[in-house]
Amino acid sequence: MFGKGLITGMRVTLKHFFGKKETFCYPEEKLPMPERFRGGHLVIDYKKCIACQLCSMACPNQAIELKVVTDAQRKRHLTSYIHHMGRCMFCDLCIENCAIHGLHWDQNYEISAYTRDAFDYEVLTDDDRQYLKEVMEAAAANPAPPIVPKKPAAPKPAEAPKPEPKKPEENKETEVKPNE
Amino acid sequence: MENLTVGAAAEWIRSVILLILGNELLTDVVMKFVGLGACIGVILTAAIVLTYAERKVCAFMQVRLGPNRVGGRFGLLQPIADMLKLMSKEDIIPDGCDRIVWALSPMLLFVPSALIYGLFPFDEGVVFADVNVGVFLLLAISSQSVLPFLMGGYASNSKYAFIGGMRTVAQMLSYEAPMVFSLLGVVMITGSMRMTDIVAAQAENVWFVLLQPIAFIIFIISATAETNRTPFDLVEDESEIVAGPFAEYSGMRWALFFLAEYANLLSISILTTTFFLGGWHGPFLPGVFWFWMKVLFMVFVFMWFRWTFPRTRIDQMLSFSWKVLLPLALVNMMFTGIGVYVWRSMM
Amino acid sequence: MAGTETYTLNMGPQHPSTHGVLRVQLELDGENILSAKPIMGYLHRGIEKLLESRTYVQGVPYTDRLDYVSSMNNNFGFCRAVEELAGIEVPERAEYIRVIVAELNRIASHLVFIGSLAIDLGASTGMLYTFRDREEILDLFNLVCGARMTFHYIRVGGVNRDVQPEFIEKTYKFLEHVPVFMEEYKKILLGNEIFMSRLKGISKMSKETALSHNMTGPNIRATGIPYDIRKVDGYSVYPRFDFNVVTGKNGDNWDRFNVRYNEIFESAKIVRQALDGLPEGPFMAKVPKVLRPPKGEVFSRTEGTRGELGFYIVSDGSTKPYRVHIRRPSFVNMQGLNDMCRGYLIGDSVAAFSAIDPLMGEVDC
Amino acid sequence: MKTYIGADALALLKEKFHSVEYNTEEAKPAVYVPADELLQLLSFLRDEMGFTRMENVTSVDYKTYFEMVYHLFAWKTLDTCQDVPDENVWITVKVKLDHEHPVIPSVTSVFSSAEFEEREVFDLMGIDFTGHPDLRRILLWEGFSGHPLRKDYKQAAPPFVERITRRGH
């Protein structure tokens, strides 16, 4: 009979009218994010970071901008780690490529901002910079002997000739040739 | 249960005015304006309450919470916020529109919607103009709302609006006919076109929804179409023609359309209550209470329709009116006539 | 009597029911449609060009942005193409997981279809219900890969991470829920007389027309041709599962709706079988860090939610693809829009836009 | 895409169309055909060999020449889709085009389904199709100059638009 479907439909909506609601008041109540959630700001474990720049190179959109200095012991350190969130696809490649597993998301999904400039997020904190300063000073106090005599190693930025001693992350890399 | 609330208030206001003016005739004139003000007050209050109600009903049926920000947990001040937003919006006048017609349309639309309220018996004795051709006048006034839609659609100089305007004419004219014929059954039983008589007749016997169930259904369907609500909201069909005649209006002008829509929704609920649900009549409680309870129930029913059904297509809708509703209404009228004749001759 | 004139109506790019930034030029005679011309490109981002300047691994997240309501299927298609090119053997567990997430995503995408069709026909409540249930799937994906829309979960060689036991458990729970909410849609949409009358017999398309427009996916299955790449090619582990190809009879909007509606059940069936038979083992093949596929080219197709999704990749032996072409099902299906709209009313055109189910991210690429 | 077209079928093609070339070394040899014989070949493939579906039309810019790529698919039981394994065959047809003036006959007269894809190729790669019913840009706008998928395409600098910024945040 014509109209039967209409009545059943109305029964469904009436049931939901009195039933439990699925949404909730967002800023007061928040959904918990799972442990694998990708989103928010990047957080770096600065003390572990070896400034290998793999994260920046893995990024498909060049969203990560790094500045690296080399200290007197020829160890590299980050002086700035800018995450251009406006370009970020949250694809997780930077984190997966991190050689020391020292990069992760802070899982805060409320990252909207009024201006584009606000999306250029500086990952390093003041503590990190303080730590950097200490490390630099310590290294300057105890400089490494120069490798090649004719070119003394000076604490100059953008001068990273040799890779650092490898950390145990190397065993993760797989060296298998494609089948063909 | 006589005039416990509204009537008493009116009496009191009248005595105050009489005290100030000291002239019976003048007082009556002033009282007419008070009544007018009361009617407009009802409309404005209804618009506020109904927007809130619609948002909440919609949200609850869609398993959402609905407005919950402005005015506490339940968003009670949401209509006020809406109103403020609409008032502070920029008034955009589209280039190339027919200015005068365009500006007149929302105002003219509001006139018939407001005018009908003068005829409604809200309670025993509480009616602004108890005309003896009430039903006739009512249908005459309500059919006037076609023109402003067409004006708005034509004058906006937009194709969407124009299609919407044309649809309005087709839709409202076709649903006018079954609506009138469905009401005629009621009029035939009552033997009067006076609204208060119709209510009184139901108070004496039974509600007409029991005597005229088919007319009731036809009336509900055509009333939905007349007020442009889903499933017959082809005039402002947002998925096809964006917003129809309202597409080019913004700010307060759009708010007037909005106001008229809710005024229409309320008036159609009041009509249903008056013609089929016994008006203010009911046991124990004061009439005003019964009246508004029935009206709000009808409002809920119309909202319920809106948030359950998809909308029809324009050709289906028109053919439904002419091929199904109108013959049905005529048949209903015929049987009512026979029934009334038999009953009268038996008496 | 004056003669009548036809007029042109631009539906879109900002129109409530064109699903994104599609623009359709309708040639109208009153309310009757004489012709409908889709005009696209408002969302063109040049993904094919972008992929040329990214490595194969970096390219995967871009495919998320093609058909953004079923990203898993795009990831799947792209990764399969790259694997075929580079000759990578994908472990069995990875294939099963891929099938599970791809089919779950198909369900999610079809739910969006049902919802958007409902709201285009004015039943906004139906749309909210489907989105409520789609949310469950998105939560599942959030659990397994940490994203709700652009998953980037299926990688070249396998999947990003293994599924957790919690995911499996919740997916079973979701599968229990599928018939429940489908019954609800049946009540509010499928059984609704207005809904039926809006869809039945509208935008009819014969088998021949559908073939001549090269339509794929549910659009061609609605005309009665059981053309499903999952069956035709039997790629991945699909041949191991028992599922039916849902077909329609008349090729009208009602059939298009029903095909997708019933495909949800079939997908649920596949997911259940895959979960039951989920083998142990690695979830990722051994893929070199720097992937250099040998010189050559590949055209690999999979069944996306909207039809046949093909990736044509030319490799010049370097780390980056020389050329990537994506055969987007929505784009090709759009050719049928004119036939679906011509001779019907404006109200039907809205249903036709929905029923063809284009996704502008995919159409414009 | 289960099986690629067999060697004997290719030999038959070669017999029929003398200008057809293919590399016998490859496992899945693409069939190269000159532009003027393309339509005959495609008609033959469609009518005689059952390649009724033009699955994909695209083009590649090899810097010195363009290559139109057509992927065709044959499945005799398409209408009923009975699973007959050996009848699921596909073939790649390629046409080499001059880099300066790439012109090719449109295949829409044989496969009408190629209309949008050819328009896309025209738009992004700049290959001219003669006999196409409606050859316009499809993804880019009418006034756009250049063809972005060409390898020598240089993107014009984006117009400078002053950013509207709000202070205080």
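The following questions and answers walk through a predicted model, taking its chains, one interface and a few residues in turn.

In this predicted model, local features need pLDDT of at least 70, side-chain atom pairs count only at pLDDT 80 or more, and totals for chains, interfaces and linings use all residues. Residues are numbered from 1 along each chain as its sequence is written, chains are lettered from A and ligands numbered from 1 in the order in which they are written, and side-chain values use heavy atoms, with hydrogens and water left out.

Reader: How many helices and strands does chain B have?

Author: Helices (H or I, at least four residues) and strands (E, at least two) are DSSP runs, numbered from the N terminus. Read along the sequence, chain B shows the pattern α-α-α-α-α-α-α-α-α-α-α-α-α-α. The count for chain B is therefore 14 helices and 0 strands.

Reader: What is the radius of gyration of chain B?

Author: The radius of gyration is taken over C-alpha atoms, and the globule rule is 2.2 Å times the number of residues to the power 0.38. For the 347 residues of chain B that rule gives 20 Å, and the value for the chain is close to this, so chain B is as compact as a globular protein of that length. Along its principal axes, the C-alpha trace of chain B spans about 65 × 55 × 45 Å. The radius of gyration of chain B is 21 Å.

Reader: What percentage of the residues in chain B is buried?

Author: A residue is buried when its relative accessible area is under 20%, exposed when it is over 50%, and partly exposed in between (1.4 Å probe, protein chains only). Of the 347 residues in chain B, the buried share is 53%.

Reader: How many helices and strands does chain D have?

Author: Along the sequence, chain D follows the pattern β-α-β-α-β-β-β-β-α-β. Of the 169 residues of chain D, 50% count as buried. The count for chain D is 3 helices and 7 strands.

Reader: How far apart are the closest C-alpha atoms of chain B and chain D?

Author: Contact means heavy atoms within 4.5 Å, and no contact joins chain B and chain D. The closest C-alpha atoms of these two chains lie 21 Å apart.

Reader: What area do chain C and chain D bury between them?

Author: Of the 5 pairs of chains in contact, chains C and D share the most contacts, and their contact takes 41 residues from chain C and 44 residues from chain D. Buried area is the accessible area (1.4 Å probe) that two parts lose on being put together, summed over both. Carbon and sulfur atoms hold 53% of the area buried here, and the total is about 3,400 Å².

Reader: Which residues in chain C lose the most area to chain D?

Author: Three residues stand out on the chain C side, together giving 18% of what that side buries. They are F299(C), Y322(C) and Q335(C).

Reader: Is D133(C) buried or exposed?

Author: D133(C) lies in helix α5 (residues 124-145) of chain C. Not counting residues up to four places away in sequence, D133(C) touches L111(C), F174(C), H177(C), F181(C) and Y185(C). Because its relative accessibility is 1%, D133(C) counts as buried.

Reader: Which residues is N192(C) in contact with, leaving aside its neighbours within four places in sequence?

Author: N192(C) lies in the loop between α6 (165-190) and α7 (193-199) of chain C, and at 0% relative accessibility N192(C) counts as buried. Its contacts, with those neighbours left aside, are G5(A), L6(A), T308(B), F309(B) and P310(B).

Reader: How far apart in space are T150(C) and S71(C), C-alpha to C-alpha?

Author: T150(C) lies in the loop between α5 and β4 (154-155) of chain C. Not counting residues up to four places away in sequence, T150(C) touches R38(A), D64(C), R65(C) and S71(C). T150(C) and S71(C) are 79 residues apart in sequence, and in space their C-alpha atoms are 6.0 Å apart.
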